[in-house]
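Hi everyone, thanks for making time today. Please bring up the model on your screens, and we'll walk through a few parts of it together.

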Amino acid sequence: MNQKFTVHKKKKKETKEPAVYILAHEIMRGEGALPISYREIIAAYVSKKNNSELCFLTHVAICQELGYCGVLDIFTFDDKEFAPLFSFASKVMNESMSKEILNQFVQEGFEIEVAEEIIHIVSIITFINQLVNSNAFEKITNNQQSYIGHYAEMMKKYLFL
């Protein structure tokens, strides 16, 4: 039996930011174990690994705005400060998370909250990279107070859009 589904569209009221962007804003800008600049650097790393050049360049531009001007050097040299964070992020991206991986990260001297935050960053940035890479990123808001609105402004400023 073929069942048809009806899509019910809501009347257009005000433009609301999609929930995923609100979540991304909370992960990237809310209180956390890592400074915002570190979150952006990890987001740039994840975007680079996901072959999302637009997102990578945008996160690099944000890092530079935050005063981290040598951010590109972090990706070209074996940076001692970020190498363990990148290694953990890579494991989150490429492997099933296990207690062993998590325990190893903690044994390297990191708090469990840092691990959780990296898992959140990897997850949300990978999702957004997929949106951007699939050209489903057409509804960039002009609301500069929003997470994605700020990134859209950065993309325009640096001529990525």
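Let's begin with Ser90, which sits in helix H5. Keep in mind as we go that this is a predicted model. Is Ser90 buried or exposed? Its relative accessible area is 16%, and the cut-off for buried is under 20%, so Ser90 counts as buried. Which residues does Ser90 touch, leaving aside those up to four places away in sequence? They are Tyr45 and Lys49.

Now stay with H5, which covers residues 83–94, and bring in helix H7, residues 112–133. The axes of these two helices come within 10 Å and cross at roughly 55 degrees. The crossing of H5 past H7 is right-handed. And who makes the contact? From H5 we have Leu85, Phe88, Ala89, Val92 and Met93, and from H7 Val114, Ala115, Ile118, Ile119 and Val122. Sorted by class, that contact of H5 with H7 holds ten nonpolar residues, with no polar and no charged ones.

Last stop: helix H3, residues 53–65. H3 has 13 residues, and from its first C-alpha to its last it reaches 18 Å, close to the 18 Å expected at 1.5 Å a residue. Which residues of H3 are buried? Here they are: Cys55, Phe56, Thr58, His59, Val60, Ala61, Ile62 and Cys63. Then, just after H3, look for Gly67, where phi is positive, at about 95 degrees.

Methods
Residues numbered from 1 in each chain as written. Predicted model: local features only at pLDDT ≥ 70, side-chain atom pairs only at ≥ 80, totals over all residues. Heavy atoms only, no water. Helix = DSSP H or I, 4+ residues; strand = E, 2+ residues; numbered from the N terminus. Expected span 1.5 Å × (residues − 1). Buried < 20%, exposed > 50% of the residue type's maximum accessible area, 1.4 Å probe, protein only. Axes fitted to C-alpha atoms, helices over the stretch in contact; angles between N-to-C directions. Left-handed = near helix turned anticlockwise from the far one by under 90°. Contact = heavy atoms within 4.5 Å. Nonpolar A, V, L, I, M, F, W, Y, C, P; charged D, E, K, R; others polar.
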